[in-house]
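Please look over the sequence and structure shown here before reading on.

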Amino acid sequence: MQEAPATPPLAPGFSQALRFWLQLGFISFGGPAGQIALMHQELVERRRWISEKRYLHALNFCMLLPGPEAQQLATYIGWLMHGVRGGIAAGALFVLPSLFVLIALSMIYVSYGNTPAVAGVLWAVKPAVVAIVLFAAWRIGSRALKNLVLWGLAAASFTAIFFFKLPFPWIVLAAGGLGALGHRWVPGWFRASPAHAGKSVSPASPAVIDDDTPTPAHARFSRGRLLRVAVIGLVLWAASLGGLAAAFGWQGVLTQMAWFFTKAALFTFGGAYAVLPYVFQGAVTDYGWLSAPQMMDGLALGETTPGPLIMVVAFVGFLGGHKLPMFGPEHLLWAGAAAACVVTFFTFLPSFLFILIGGPVIEATHGDLHFSAPLTAITAAVVGVIVNLAMFFALHALWPEGWGGPFDMLAALIGGVCAVALIRYQVGVIKLIACCAALGAVRALFL
């Protein structure tokens, strides 16, 4: 007896989708790969709101964009299901829980960070952060560096930023240009590796947005709609930046943060670890909003909170606002919280615009994307930049009194064990940091 064809589930209402995106915002641990896999499990396999093919189509587009691909993927799917309000809700709820958690943790950090127990926790977590960054370089490099040309590009980017201190955006632009030229003359050198998101779903399980589901009316390409969204987005950005400049002056802390993190948002090809060197270079070296050890502490906090890892910028903003208060010395925590919110807004605004402007174009084509060669070259260059970041962190973790001072052998041992645990045994990042934090607390309190 032939089985009746499966029927797709009922399309979720906006309120139902809203509850899901809010829940996702609180449980989206594990970095971009874990978040993408979690959305695949929930949206493709369990709820069947979108088919495997349409999910991967959206994912491939998001991976080509600057910005956090997991948050952009949530925005894209929310927009595809419920229009602009759905995209904004999905993208915002992916970020807001992490923002509130990081503001609370930042308040605790600046208030109690120098107590023995907290200082001991941070001492043990720092070498773990070095191992995590090296693991990110290894993970990206093992996927991206497929030939000697790409290895050479990674080495050249490391040399450029470590020895010659070249700005991160110039390295990205140069790598993208080389990739574009390589795609034209020697395309085999810059062929991207295929992406995957999870297990395939049986074709007998249709989805709400299935392979052959027509594009919804709100997602169809329209020059007028595209122009309208672009103008609204640019006006919103300009008005927000102009309002900060009017209130605090162009050299004001919040204005400079808004401008800096707007630029950072446009160069985050390759995920959070790709933009961290640029944020480090600007926030620590150029502006002095926080120190290198504080940046490492912020990265550890970002690794253990839900949401995209790039939310570490909220910690950067908080410490910068707390250090250079705009509201007077009696309102330091409020200044930090305001700076964290400003930084988050200007970091993620471009991501929403990329999806709302580019989404209809992608839905109209449903064809292959032709930007893989520049992205492949940029990803290779990013590997070298991330290694530079790991080395800089290592200098501060293993030589706490500065280069030439005493070498912290125990911290080096912790870092080495963490690296082996990550690469060889694939221990989860949160579990690793928790173990190091416990070790640091025990050492501070009892040894």
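Which residues of the largest nonpolar core touch the most other members? They are Phe261, Trp289, Leu290, Met295 and Phe393, out of the 98 residues in that core. This is a predicted model, in which local features need pLDDT of at least 70 and side-chain atom pairs count only at pLDDT 80 or more, while totals for chains, interfaces and linings use all residues. Residues are numbered from 1 along each chain as its sequence is written, and side-chain values use heavy atoms, with hydrogens and water left out.

**Nonpolar cores**

- A nonpolar core is a set of buried Ala, Val, Leu, Ile, Met, Phe, Trp, Tyr and Cys residues joined through side-chain atoms within 4.5 Å, where buried means under 20% relative accessible area, found with a 1.4 Å probe on protein chains only.
- Not counting residues up to four places away in sequence, Phe393 touches Val129, Val130, Val133, Phe280, Ala292, Met295, Met296 and Leu299, a contact being heavy atoms within 4.5 Å.
- Apart from this core lies another, of 35 residues, including Ile36, Leu65, Leu73 and Val229.

**Thr255**

- Thr255 belongs to helix α9 (residues 253–265) and is buried, with a relative accessible area of 0%.
- A polar atom of the Thr255 side chain lies 2.9 Å from the backbone oxygen of Gly249, and Gly249 is also among the residues in contact with Thr255 beyond four places in sequence, together with Leu241, Leu244, Ala245, Phe248 and Trp250.

**Cavities**

- The whole structure holds three cavities of 30 Å³ or more; on a 1 Å grid over the protein atoms alone, a cavity is a set of points where a 1.4 Å probe fits but cannot get out, and lining residues have an atom within 4 Å of a point.
- The second largest cavity has a volume of about 40 Å³, a volume being the space filled by probe spheres set on the grid points, which are joined across faces, edges and corners.
- Lining the second largest cavity are Trp79, Val84, His218, Arg225, Val229, Leu356 and Pro360, and α4 (69–112), α8 (223–248) and α13 (332–365) each supply at least two residues of that lining.

Key
Buried means under 20% relative accessible area, exposed over 50%, partly exposed in between (1.4 Å probe, protein chains only). Helices (H or I, at least four residues) and strands (E, at least two) are DSSP runs, numbered from the N terminus. A polar contact is a pair of N or O atoms within 3.5 Å; within protein, one must be able to donate a hydrogen and the other to accept it, and residues adjacent in sequence count only if both atoms are side-chain atoms. On a 1 Å grid over the protein atoms alone, a cavity is a set of points where a 1.4 Å probe fits but cannot get out, and a pocket is an open set with protein on both sides within 12 Å along at least five of seven lines; lining residues have an atom within 4 Å of a point.
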